[in-house]
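Grab a pencil and work through these exercises one at a time. Try each task yourself before you read its solution.

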Amino acid sequence: MQSATTQMFPHHILQDSLQQQDDKTIYRKDRFVALRRKITTAEQGQIARLSCDIPTFDSALGGGLGFGRVHLVSHASVQHGKPVNSLLLSMINGAVTGFVLALLRKIMMHNPDRPVIWCAPPHAGMIGNLSAEGMRQIGINPAQLIFVHESHPARCMSAFEEALQTDGLAAVVGEYGMLSRQPDLWQRWARRTRRAARMSGTIGMLLGPPASVCGFETGWHISPYVAPLCTRTVVENHDWRPSWQVSLHYAKSGRPASAAIKWDWVSARFLPLERSVYRLVQPPVGQLSDPQINSQANGPSQQPAYTIR
């Protein structure tokens, strides 16, 4: 029987057949990879993008934030190599909200007549309420913001999805809260919001605790920029504009990037954050709380009492 099979199908013919099948499989894989690359390139060329004003981020994103996409913005779970504690959580959430408001200002400059829908629990702005007068001071017209308050996270995100499907909006913002702790529901909802954003071409931004970025266009970690100040440090020419340490830790069609930036509300632009310059100063005599330092300052050799930045 074996000899008969060998005569009907010689060994070299079987090897040639297997080799042809392997070649076809490799060819199909190469064609599939090339097709995916072609589709990705076409999508990047077709969608409109919002410049981040920072070359590091624009280069990593292929031109800027894409419209018709959903972007996830959260605080970093680790700060300076240490886990974030609850005492700093409100300040970090404020930094996330401030960064999103800066992006909204840029988006609304391109769409001055279109409203923005913000879906959130009754306490909008993640912690506390957004101030209408404060938004006006940074150039955002409060009349263009429509707040949808819903205490239940699932219903709140359903409103976010429906808003994304609506034409004629400048942007849609949503706060997902603890919804990300349910992996199955979170991934299913991420796919639905992605389809909704692509249908309308409206940019969507999500705020909340660190969550899985699978299914979204980009993932950002925002933390307040902490200047290295101490009790005996005086600030010379300090820049009081909002400053953040921004990390683009995920980009579906790009690469990660990180930079320290600040927001100029007058020009509505993000600017790179320059480092402060150190110099030694001598404070006025009599204004120091330490008598020993005052006695040294009155002596013949007046050493600088502290450093300012």
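**Exercise 1.** What percentage of the residues in the chain is buried?

*Solution.* A word on the source: this is a predicted model, where local features need pLDDT of at least 70 and side-chain atom pairs count only at pLDDT 80 or more, while totals for chains, interfaces and linings use all residues. Residues are numbered from 1 along each chain as its sequence is written, and side-chain values use heavy atoms, with hydrogens and water left out.

Step 1: get the cut-offs. Buried means under 20% relative accessible area, exposed means over 50%, and partly exposed is in between (1.4 Å probe, protein chains only).

Step 2: apply them. Of the 309 residues in the chain, 38% are buried.

**Exercise 2.** In what order do the strands of the open sheet line up?

*Solution.* Step 1: know your elements. Helices (H or I, at least four residues) and strands (E, at least two) are DSSP runs, numbered from the N terminus. The chain has 8 helices and 15 strands.

Step 1: walk across the sheet. Its 9 strands follow the order E7-E6-E8-E9-E3-E10-E11-E12-E13, with mixed pairing. Two strands pair if DSSP finds at least two bridges between them.

Step 2: find the ends. Strands E7 (145-149) and E13 (269-272) are the edges, since each pairs on one side only.

Step 3: check one pair. E6 (residues 116-120) and E7 are parallel, paired over 5 bridges, and Val116 has Leu145 in E7 as its bridge partner.

**Exercise 3.** Why is E9 described as largely enclosed?

*Solution.* Step 1: count. In E9, 6 of the 6 residues are buried, so the rest of the structure largely encloses this strand.

Step 1: look at both faces. Ile203, Met205 and Leu207 are buried on one side, and Gly204, Leu206 and Gly208 are buried on the other.

Step 2: E3 and E9 run parallel, joined by 5 bridges, with Ser74 opposite Gly208. E8 and E9 also run parallel with 5 bridges, and here Gly174 is the bridge partner of Leu206.

**Exercise 4.** At what angle do H6 and H7 pack?

*Solution.* Step 1: set the rules. Axes are lines fitted to C-alpha atoms (for helices, over the stretch in contact), and angles run from 0 to 180 degrees between N-to-C directions.

Step 1: read off the geometry. H6 (residues 153-164) and H7 (residues 183-200) pack at about 25 degrees, and their axes are 8 Å apart. That makes H6 roughly parallel to H7; the cut-offs are under 35 degrees for roughly parallel, over 145 for roughly antiparallel, 65 to 115 for roughly perpendicular, and oblique for the rest.

Step 2: see who touches. With contact meaning heavy atoms within 4.5 Å, H6 brings residues including Met157 and Phe160, and H7 brings residues including Trp189 and Ala196.

**Exercise 5.** How many disulfides are there by the distance rule?

*Solution.* A disulfide is a covalent bond between the sulfur atoms of two cysteines.

Step 1: use the rule. The two sulfur atoms must be within 2.5 Å, and the count comes to 0 disulfides.

Step 2: compare surroundings. Cys156 is buried at 1% relative accessible area, whereas Cys214 is partly exposed at 47%.
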